[in-house]
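Here is my note on the model you asked me to look through, written for someone who is meeting protein structure for the first time. Please keep the view open while you read.

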Amino acid sequence: MMGMLLWKSPEAGKREKRMALTERSVLHMRFACVEVVRGPKTPSAVLRRRVASAAKKLHRAGVTRAVLPPDFPFSAELEKYGVRPVSTLPLRRALAAETVGWRLERLGLTAGARVAVVGEQLTGELVRTVTELCLRCRYVLLDLPYGGEELSRQLRREYGVSLLLGPSKEQLEGAEALVLFGERQDLGRKNPVVLALYEGSGDTLPPLVLPPAMEERLPAGCDRPQLLSALREAGALRPGQISLGTSKG
């Protein structure tokens, strides 16, 4: 079961009850949820002990990944007990083509934009991203050690679009958008749009919205990208139900 950790405001005049692990359902997905009391003046050392206690409870329940509050500062306490934040990388990769288009549009660079994709191997995620980009953008450059020729033939046969294979460093750095499926230390990354789709890159998602009926069923106090990533992974959200748009709470 996936976990969820939430901050809870203390109740005035009431003694806090012992921290309990409960089950919470979000869009029919079950989470093992624990609430950690945090007041405006709660010392950091106290919060750290409470988070460690919450981590023990999640660990005993078999939780290895959890949705956390935004900007959660105590991930190290969780990791001591084998609990990690939910990764947003699968969601970032799934929305890569849309994100590129969204960022280019905000900069007014959609007309004739060149998008360079750099990868280490031909994965399903990379194929999907390149295919979607080819249908959205006029020029797509692909830098891949192998497999690019096969993908290029497939795209030409099925959609009548073509790829520029084996671009030079200058061509990669001159593209309006650069999509990285792995680190490339040799690239200056001064492109107007850079999407770094690998763990530890620090890249973030644009604002994400759901249909109104789903929005109102999401709990407050969660890191939104983590929550949507967990829901999508579990099948509680289908492709197309997550849109790029105005930020929600």
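Predicted model: local features only at pLDDT ≥ 70, side-chain atom pairs only at ≥ 80, totals over all residues.

1. Residues are numbered from 1 along each chain as its sequence is written, and side-chain values use heavy atoms, with hydrogens and water left out.

2. Helices (H or I, at least four residues) and strands (E, at least two) are DSSP runs, numbered from the N terminus. Five strands form an open sheet with parallel pairing, in the order E8-E7-E6-E9-E10, where two strands pair if DSSP finds at least two bridges between them. Strand E8 (164–165) and strand E10 (193–196) stand at the edges with a single partner strand each, so one side of each has no neighbour in the sheet.

3. Within this sheet, strand E6 (residues 114–118) pairs with strand E7 (residues 139–143) in the parallel sense over five bridges, and Val115 stands opposite Val140 in E7. H4 packs on the sheet, where it touches E6, strand E9 (177–180) and E10, and its direction makes about 155° with that of E10; contact here means heavy atoms within 4.5 Å. H5 also packs on the sheet, touching E6 and E7, and its direction makes about 155° with that of E7.

4. How do the axes of helix H4 (residues 96–107) and helix H5 (residues 124–136) cross? They come within 8 Å and cross at roughly 35°, the axes being lines fitted to C-alpha atoms, for helices over the stretch in contact, with angles running from 0 to 180 degrees between N-to-C directions. Ala96, Ala97, Glu98 and Val100 in H4 meet Thr129, Glu132, Leu133 and Arg136 in H5.

5. H4 has twelve residues and reaches 17 Å from its first C-alpha to its last, close to the 16 Å expected at 1.5 Å a residue, the expected span being 1.5 Å times one less than the number of residues. Just after H4, Gly108 takes a positive phi of about 70°.

6. Which residues of H4 are buried? They are Ala96, Ala97, Thr99, Val100, Arg103 and Leu104, where buried means under 20% relative accessible area, exposed over 50% and partly exposed in between (1.4 Å probe, protein chains only). These residues lie on the same side of H4 because they cover an arc of only 160° around the axis, an arc taken from the directions from the helix axis to the C-beta atoms. On the other side of H4, Glu105 and Arg106 are exposed. The buried residues pack against helix H3 (89–94), E6, H5, E9, E10 and strand E12 (243–244).

7. Arg103, in helix H4, is buried with a relative accessible area of 18%, and it touches Val193, Val194, Leu195, Asp203 and Thr204, not counting residues up to four places away in sequence. Thr129, in helix H5, is buried with a relative accessible area of 2%, and, leaving aside neighbours within four places in sequence, Thr129 is in contact with Arg93, Ala96, Ala97 and Phe181.

8. Glu35, which lies in strand E3 (residues 29–37), counts as partly exposed at 37% relative accessibility. Leaving aside neighbours within four places in sequence, Glu35 is in contact with Leu6, Lys8, Met19 and Ala20.
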